[in-house]
Amino acid sequence: MPELPEVEVVRRGLEPAITGRPIASVRVLHPRPVRRHEAGPDAFAATLNGRTFGVPRRRGKYLWLPLTDGDAVLAHLGMSGQFRVDAPGAPLLRHTRVVFDLGGDPAGPTTELRFVDQRMFGGLSLSPGGADLPAEVAHIARDPFDAAFDPEVVAARISRKRSAIKRVLLDQTVVSGIGNIYADEALWRARVAGTTPADALPTASVFAVLDAARAVMADALGQGGTSFDALYVNVNGESGYFDRTLEAYGQEGRPCSRCGTPIVREAFMNRSSFRCPACQPATA
DNA sequence: AGGGCAACCTGGGGGC
DNA sequence: TGCCCCCAGGTTGCCC
């Protein structure tokens, strides 16, 4: 479940389900999602045995499950990754890749934490000493939900870039958590065309885009995220409803809710972009 | 530093 | 029913 709101939905679901729970055993059903663990799938499973999960954390689209000994299980959902919390023995979904058998809940039965991933662009790895901030995440900028996120600093950095503003929004080393959907939604809200060079935008517009990105992701989180299909669900398999609120992304041909002009779809960075040609005019 | 693009995967949908 | 091509909320790495 790619972008920040969807990843945060997962983190919030994991928190009550795994915090404080010991790992009784790990089963790796497909080696690809643990490819970053150099010692191999069996070693990945073995090294986690007997350790205990702390409170799940997130930066941008990266998620990590701290272990109480200071290490962490780092996770990225890629394009199709999910975490599911299930009762032991519940039927496995088709693309289940890794299963954690959890124990230790004095108030209830054991639980299985399952990593499911159709396309396997994401994965899990052990991050030594990564409980606070995995080294693999150090190059990722703070996201707009981070208490230490500083809009002034980020806006100044954006204003120095000559790249198209959408490209900058998608650059996870500038500001993290924004993907193709929320970039388009933020640009629509701020009335800015994604192809506009960042350094050509008035300062007020840069702040408007940043604030719109934070706001639209907060709105989406409030709706449980964006779910077009069963690939993007919470740890219980439930869909979010923000797709009903999208104003630009995927709305090709539909009238802009502000001005009635049909939303257009354009190719950008080898993917699709959507904008209102009237509210978000492209610069010449 | 910036930008283009293929690669990593699986599966759904549309056209013929 | 089958096939082929295009599409998909991401990231990395290589090339110019």
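Biologist: Let's start with one residue: is aspartate 143 buried or exposed?

Modeller: Keep in mind that this is a predicted model. Aspartate 143 sits in the loop between strand 8 and helix 3 (151-159). Its relative accessible area is 2%. The cut-off for buried is under 20%, so aspartate 143 is buried.

Biologist: And how far apart in space are aspartate 143 and glutamine 172?

Modeller: Along the sequence, aspartate 143 and glutamine 172 are 29 residues apart. In space, going C-alpha to C-alpha, the distance is 8.7 Å.

Biologist: On to the strands. How many residues of strand 4 are buried?

Modeller: Strand 4 covers residues 72-76 and has 5 residues. It is mostly covered, and the number buried is 4.

Biologist: Which strands does strand 4 pair with?

Modeller: One partner is strand 3 (residues 62-66), antiparallel over 5 bridges, and here tryptophan 64 stands opposite leucine 74. Strand 4 is also joined by 5 bridges to another antiparallel strand, residues 123-127. There, histidine 76 has glycine 123 as its bridge partner. So the names you want, going by the bridges, are strand 3 and strand 8.

Biologist: Which residue takes a positive phi in the hairpin of strand 3 and strand 4?

Modeller: That hairpin has 5 residues between the strands. The phi in question is near 105°, and it belongs to glycine 70.

Biologist: Is methionine 120 buried or exposed?

Modeller: The relative accessibility of methionine 120 is 12%. With the cut-off at under 20%, methionine 120 therefore counts as buried.

Biologist: Now the rings. Why is the pair of tyrosine 249 and phenylalanine 274 edge-to-face?

Modeller: A search of the whole structure turns up 5 aromatic pairs. In the pair you ask about, the ring centres of tyrosine 249 and phenylalanine 274 are 5.2 Å apart. Planes over 60 degrees apart count as edge-to-face, so what settles it for tyrosine 249 and phenylalanine 274 is their plane angle of 65°.

Biologist: Where in the chain do tyrosine 249 and phenylalanine 274 lie?

Modeller: The pair links distant parts of the chain, 25 residues apart, and both residues are buried. Tyrosine 249 is in the loop between helix 6 (203-222) and strand 9 (264-268), while phenylalanine 274 is in strand 10 (residues 271-275).

Biologist: Which residues do ring pairs link into a cluster with Tyr249?

Modeller: Tyr249 pairs with Phe274, as the ring centres showed. The cluster linked by ring pairs takes in Tyr249 together with Phe228 and Phe274.

Biologist: Which residue lies over the face of tryptophan 188?

Modeller: Look 3.7 Å from the ring centre of tryptophan 188. The residue there is arginine 258.

Biologist: Let's turn to the DNA. Which residues come nearest to DNA strand C?

Modeller: There are 22 residues around DNA strand C, and they divide into 8 nonpolar, 9 polar and 5 charged.

Biologist: Which side chain has a polar atom 3.3 Å from a base nitrogen of DNA strand C?

Modeller: Glutamate 3 is 3.1 Å from a sugar or linking oxygen, and lysine 61 is 3.0 Å from a phosphate oxygen. The base nitrogen contact belongs to tyrosine 232.

Biologist: What share of the DNA strand B atoms within 4 Å of the protein is sugar and phosphate?

Modeller: The residues around DNA strand B include Arg32, His95, Met120 and Arg167. By class, that surface has 2 nonpolar, 4 polar and 5 charged residues. Sugar and phosphate account for 69%.

Biologist: Which residue has a polar side-chain atom 2.8 Å from a phosphate oxygen of DNA strand B?

Modeller: For arginine 32 the distance to a phosphate oxygen is 2.9 Å, and for histidine 95 it is 3.4 Å. The residue at 2.8 Å is arginine 167.

Note on methods
Residues numbered from 1 in each chain as written. Chains lettered and ligands numbered in written order. Predicted model: local features only at pLDDT ≥ 70, side-chain atom pairs only at ≥ 80, totals over all residues. Heavy atoms only, no water. Phe/Tyr/Trp six-rings, centres within 6.5 Å; stacked < 30°, edge-to-face > 60°. Helix = DSSP H or I, 4+ residues; strand = E, 2+ residues; numbered from the N terminus. Buried < 20%, exposed > 50% of the residue type's maximum accessible area, 1.4 Å probe, protein only. Lys NZ or Arg CZ within 6 Å of the ring centre and 35° of its normal. Near = heavy atom within 4 Å. Polar contact = N/O pair within 3.5 Å; in protein donor to acceptor, adjacent residues only side chain to side chain. Nonpolar A, V, L, I, M, F, W, Y, C, P; charged D, E, K, R; others polar. Pairing = 2+ DSSP bridges.
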